[in-house]
Amino acid sequence: MAQEIHNDQIKNLLSSVVNNAPYGMIAIDNFDQIVLVNEQAISFLKLDVNPNDLNELVIFDQIKHVEQLYLKLNQIVKNQYQDFNIDALPFDDKFLNFRGRKIKEGYIVTIEDITRDKEMEMVALNSMLEGQELERRRIAKEIHDGIGPSLSTVRLLLENVSSENNRLDNAKFSTQMSVIFDMIDSLTGDIRNISHQLMPKLLIDFGIIPALENLINRINKAERIKIILFHSILSERFPELIELGLYRICQELINNSVKHSSASEVQVQLIEHPDSIILMVEDNGCGFDKTSVMKENPGVGLINVESRTNAFGGNFILDTAISKGVTATIEIPLEK
Ligand SMILES: Nc1ncnc2c1ncn2[C@@H]1O[C@H](COP(=O)(O)OP(=O)(O)O)[C@@H](O)[C@H]1O
Ligand SMILES: [Mg+2]
């Protein structure tokens, strides 16, 4: 008797777990008949079944409208019920992950609603694109407003010199020419700066460390903040996209420390491990409250850092609190 009560309790517990799980679950027996289905599965897949009356319901008759799952199950039946995964299947107004697993008594399929993750991904992607668009616009404006007019001025000056050539004495001629040379030099500098912003030449030619050293030197000269780079990079070069990604991430994080933190010092560390590379950017500034910044003024900068990291299958951890400084850690896996 005691044993029976115990069994009942276990049964109740199990059915409560199944019905309250955050996943949809469907179990079928070795004859493809549904032996268990919870409310979540019914609601995710819009099934027309009664979970308490599953008399001889064959799974294939119930899921025809979820075409990809139907096809997948048909396929695995032919292959002695292998495990399967379907990721981010759009169905109804949701995105669903499916996991199919063989068990002794038959087969189970779990269904996870990942609509929210998917939406967050879209937000991140959009802000990355938005960030790139802003950057392009800024550079276009710099070319248009900076280089365009300077070139027109050089042209005008040259016209002047050539039309007045006969009347200009040597001294005046060389003064005018030296104005023109100065303008051309400053234009060359402007072009170098813009092209550097588009794609740092050092990064392409010599890799991440020289490029970062150069970036940091330039900021150390221009700003009051002191930026220090430590690194243990043994490989000479990494895949181009990883180098560019790390550089952009570093640029954004350092920029944030310069712009927002009032820190006196920023430490940048780049450590190479056998199968990953870790970037840490740490400032001793004012820090911030993540929750309220996310709510009140989420910028695209940090979202971009996150989506860039995710694009490499990496991890981004932002550790900060008011008056605790900011430590950003990025780990990017390396395929060797
Ligand atoms: N190193 C930092 N120190 C203090 N506050 C920071 C730091 N980095 C980011 N923040 C805060 O987080 C916000 C979002 O940063 P971000 O996404 O880079 O956008 P943006 O820099 O364009 O404002 C900033 O506006 C700032 O309030
Ligand atoms: Mg920023």
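D145 is partly exposed in the predicted model, with a relative accessible area of 40%; partly exposed denotes the range between buried (under 20% relative accessible area) and exposed (over 50%), with a 1.4 Å probe and protein chains only. The residue D145 belongs to helix α5, which spans residues 115-164; helices are DSSP runs of H or I with at least four residues, numbered from the N terminus. The side chains of D145 and H144 are joined by a polar contact of 2.7 Å. A polar contact is a pair of N or O atoms within 3.5 Å; within protein, one atom must be able to donate a hydrogen and the other to accept it, and residues adjacent in sequence count only if both atoms are side-chain atoms.

This is a predicted model in which local features need pLDDT of at least 70 and side-chain atom pairs count only at pLDDT 80 or more, while totals for chains, interfaces and linings use all residues. Residues are numbered from 1 along each chain as its sequence is written, chains are lettered from A and ligands numbered from 1 in the order in which they are written, and side-chain values use heavy atoms, with hydrogens and water left out.

The magnesium ion (ligand 2) is coordinated at 2.1 Å by E252 (OE) and N256 (OD1). Donors are N, O and S atoms within 2.8 Å of the metal (3.2 Å for Na, K and Ca), and water is not among the atoms, so the site may look incomplete. Both E252 and N256 lie in helix α9 (residues 240-261), four residues apart, or about one turn of the helix. E252 counts as partly exposed at 23% relative accessibility, whereas N256 is buried at 15%.

Ligand 1 is surrounded by 17 residues, the closest being E252, N256, H260, D283 and L302; a residue is included if one of its heavy atoms lies within 4 Å of the ligand. Helix α9 gives the most to this shell, with six residues, and α9 and α11 (300-311) each supply at least two. The shell divides into six nonpolar, eight polar and three charged residues. An oxygen atom of ligand 1 is 2.8 Å from an N or O atom in the side chain of N256. For the side chain of K259, the distance from an oxygen atom of ligand 1 to an N or O atom is 3.4 Å. The protein covers 84% of the 530 Å² of accessible area that ligand 1 has on its own, by the Shrake-Rupley method with a 1.4 Å probe.

Terms used:
Ala, Val, Leu, Ile, Met, Phe, Trp, Tyr, Cys and Pro count as nonpolar, Asp, Glu, Lys and Arg as charged, and the others, Gly among them, as polar.
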